[in-house]
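Me: I would like to learn how to read a protein model, one feature at a time. Could we go through this one together?

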Amino acid sequence: MTFIPPTLIAVVGPVEPALLAAWTTHYRRLGIERFLLAFHFPDHIPDAQRHELLAATHALGIVPTQVSTGPWHEHTNTELRDGLREKAGPGWHLIADTDEFQTYPAPLADVIDRAMGTARRVVGGLMLDRVSADGSLAPWRPGPGLERAFPLGGHLTHRLLKGDPRKIVLAHSSADVASGNHRASGHKPDLDTLACVHHFKWRSGVLDDLRRRVERFSSGAWAEHTPAVRSEASRLLEHVDRHSGRIDVADPRLAFRRVTLDRLPEGWAAEAATITTTWRPPTSQNQPGSTISSPSP
């Protein structure tokens with residue numbers, strides 16, 4: 001049977017055009033041919049920035065499926081993502097934010113074939129946060145590339161921010177995926193084939209984004225369902241304030257080490273399976289919430 005690559009589904013915020021270009025190149029190398037992208041721009045984004053990103057998208061050979069503006073409520077991302085999945089139609093969908101670069105243990109065709117052979121409708125992954133060598137929230141330019149600019153990978157999201165690091169990276173159209181792409185009710189990923197989701201969020205400008213989230217969720221300008229997003233943002237802001245504006249890459253809890261997009265980190269299968277099976281949300285939240293890995297508003 002001829003392999004049909006999954007449709008890539010993504011909700012895109014006001015990211016740098018160069019990051020979108022690197023992201024598109026990465027997934028095309030994995031074999032992705034069809035991109036369904038929904039762009040959402042909060043009201044504070046200037047028209048010029050919006051037009052620049054949309055023009056860059058067309059230059060990459062991608063026609064945006066949807067473009068919207070307005071508040072970035074907690075439910076905004078889920079509603080846009082589900083609309084894209086409906087448009088994508090039957091088959092497999094690859095779900096990734098534009099700061100998430102997935103690395104698999106085998107070619108996509110083999111990964112999906114294994115899932116289908118074990119009657120699974122989802123494939124899971126685990127987030128690995130990428131940061132600069134000294135933990136500074138560095139501006140990124142395409143010249144040196146993401147790998148050189150952010151060479152370290154570690155477990156910032158769940159060990160410091162107390163966020164859910166689990167991801168559903170591939171889902172059949174028959175499987176519903178929860179908010180934040182963390183879970184799929186009634187479906188369990190194969191722990192032996194977890195992808196590494198390299199998370200390149202920690203760049204220049206992210207602190208302003210996080211402060212904006214805290215302020216707008218706190219004021220009610222943006223609707224939230226749980227305090228998870230606001231709590232995680234606050235933890236990151238408090239951490240960098242204590243460390244002179246940097247992420248503490250020497251903290252052994254965070255397990256930062258040099259990694260690459262070309263292959264899974266050493267010992268990844270066992271490491272990812274252990275974290276996936278043992279992670280629990282903070283008890284104060286009462287229930288798992290979204291993480292701040294969603295597109296930066």
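Me: Where does Ala255 lie?

Reply: Keep in mind that this is a predicted model. Ala255 sits in the loop between helix H8 (228–242) and strand E10 (257–258). Its phi is near 55°, which is a positive value in a residue other than glycine.

Me: Which phi value does Asn181 have, and where is Asn181 placed?

Reply: The phi of Asn181 is near 65°, again positive in a residue other than glycine. Asn181 belongs to the loop between strand E8 (166–172) and strand E9. With 3% relative accessibility, Asn181 counts as buried.

Me: How much space lies in the second largest pocket?

Reply: About 400 Å³. Its lining has 17 residues, with His26, Arg29, Phe101, Leu261 and Asp262 closest to the centre. At least two lining residues each come from helix H1 (17–29), strand E5 (100–103) and helix H5 (145–149). H1 has the largest share, five residues. The classes in this lining are nine nonpolar, five polar and three charged.

Me: How many aromatic pairs does a search of the whole structure find?

Reply: The search finds six. To read one, look at the distance between ring centres and the angle between ring planes; an angle over 60 degrees counts as edge-to-face. Phe101 and Phe200 form an edge-to-face pair, 5.2 Å centre to centre with 75° between the planes. Phe101 lies in strand E5 and Phe200 in the loop between strand E9 (195–199) and helix H7 (206–219), so this pair ties together parts that are 99 residues apart in sequence. Phe101 and Phe200 are buried.

Me: What kind of pair do Phe150 and Phe200 form?

Reply: They are edge-to-face, at 6.3 Å centre to centre and 70° between the planes. Since Phe150 lies in the loop between H5 and strand E7 (152–154), and Phe200 in the loop between E9 and H7, the pair ties together parts 50 residues apart in sequence. Both Phe150 and Phe200 are buried. Elsewhere, ring pairs link Trp23, Tyr27 and Phe35 into a cluster.

Me: Last, helix H7. How many residues does H7 have, and what is its reach from first C-alpha to last?

Reply: H7 has 14 residues and reaches 20 Å, close to the 20 Å expected at 1.5 Å a residue.

Me: Which residues in H7 are buried?

Reply: Val206, Leu207, Asp209, Leu210, Arg213, Val214 and Phe217. These residues cover an arc of only 160° around the axis, so they lie on the same side of H7.

Methods. Residues numbered from 1 in each chain as written. Predicted model: local features only at pLDDT ≥ 70, side-chain atom pairs only at ≥ 80, totals over all residues. Heavy atoms only, no water. 1 Å grid on protein atoms, 1.4 Å probe; cavity = no way out; pocket = protein on both sides within 12 Å on 5 of 7 lines; lining within 4 Å. Points joined across faces, edges and corners; volume = space filled by probe spheres on them. Helix = DSSP H or I, 4+ residues; strand = E, 2+ residues; numbered from the N terminus. Nonpolar A, V, L, I, M, F, W, Y, C, P; charged D, E, K, R; others polar. Phe/Tyr/Trp six-rings, centres within 6.5 Å; stacked < 30°, edge-to-face > 60°. Buried < 20%, exposed > 50% of the residue type's maximum accessible area, 1.4 Å probe, protein only. Expected span 1.5 Å × (residues − 1). Arc of directions from axis to C-beta.
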